[in-house]
Amino acid sequence: MDFRDYRRERDLMVEEQIIRRGIRDESLIAALRKVPRHQFVAPALKGKAYDDYPLPIGESQTISQPFMIATMIHYLNLTGTEKLLEIGTGSGYQTALLAEMVEKVYSLERLPRLAQIAQERLNQLGYKNILITIRDGTCGLPEFGPYDRIIVAAGSPEVPSPLVNQLNEGGILVIPVGDRFAQTLLVIEKREGEVIQNEAGGCVFVPLVGKYGWKT
Ligand code: SAH
């Protein structure tokens, strides 16, 4: 039996790791309080699910640190009506948070096994506004675009041009760009056809592997 009080652990995570560090976005805080992060990791790691760091999810990939995910979502500046594209489904945890906050989430994952596990979990939790596709996300998903928001959960050597092309007018793209071991979070906005780029601090992500990312 598992007697841990995950709701309490989750509330503590939100208070200590998110709110105390300055993130106050209402719908994001509500989503973080709701989505059961412990159900997105292997049973042996459930006790660590609300700790302040990333955890392995198999296939050399990780579920990102809660604060990193919250920071990226904060920069998306969501209003609730967006059509959103996520690159790097991974465990599906961030996908679930986003599905709580916007109308429709399209999520791309290159590793079939991870995509399949995430899909099963999200189905079990009852999400109906998520479409996961097994695909090289550096090429985006043109058939359903353009998107109001695009979020990339893996580090890229450069900004993949297809993602900028698939961004709506007024849209925002959040992506870690840099070398393999350290990146800068870029917040890219498309305003009146112009592309405006801002930096939002350092971060460390697993590599974005694909045609417009790392080659291996
Ligand atoms: N936010 C996720 C973390 C994902 S880790 C979570 O909460 O669990 C990054 C994911 O990006 C990995 O699953 C990796 O397989 C995936 N990935 C890397 N390159 C990709 C690409 N080109 N297209 C789609 N997914 C990619």
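First, some ground rules. This is a predicted model, in which local features need pLDDT of at least 70 and side-chain atom pairs count only at pLDDT 80 or more, while totals for chains, interfaces and linings use all residues. Residues are numbered from 1 along each chain as its sequence is written, and side-chain values use heavy atoms, with hydrogens and water left out.

**The ligand and its contacts**

The ligand has 26 residues around it, and S91, E109, D136, G137 and V209 come nearest; a residue counts as near if one of its heavy atoms lies within 4 Å.

| Residue | Protein atom | Ligand atom | Distance |
|---|---|---|---|
| E109 | side-chain N or O | oxygen | 2.6 Å |
| G137 | backbone N or O | nitrogen | 2.7 Å |

The protein buries 99% of the 590 Å² that the ligand exposes when taken alone, with areas from the Shrake-Rupley method and a 1.4 Å probe. Two or more residues of the shell come from each of β2 (61-63), α4 (93-101) and β4 (104-109), and β2 gives the largest share, three residues. Helices (H or I, at least four residues) and strands (E, at least two) are DSSP runs, numbered from the N terminus. By type, the shell holds 12 nonpolar, 10 polar and four charged residues; Ala, Val, Leu, Ile, Met, Phe, Trp, Tyr, Cys and Pro count as nonpolar, Asp, Glu, Lys and Arg as charged, and the others, Gly among them, as polar.

**The pocket**

The ligand sits in the largest pocket, meaning that more than half of its atoms lie within 2 Å of the pocket's grid points. A pocket here is an open set of points on a 1 Å grid over the protein atoms alone, where a 1.4 Å probe fits, with protein on both sides within 12 Å along at least five of seven lines; lining residues have an atom within 4 Å of a point. This pocket holds about 560 Å³ of space, a volume filled by probe spheres set on the points. Of its 35 lining residues, Q61, T62, A153, A154 and V206 are the closest to the centre. β2 gives the most to the lining, with three residues.

**Two backbone details**

The peptide bond from G145 to P146 is cis, with omega near 0 degrees, and P146 is in the loop between β5 (130-134) and β6 (147-152). S60, although not a glycine, has a positive phi of about 65 degrees, and its place is the loop between β1 (55-58) and β2.

Notes: A polar contact is a pair of N or O atoms within 3.5 Å; within protein, one must be able to donate a hydrogen and the other to accept it, and residues adjacent in sequence count only if both atoms are side-chain atoms.
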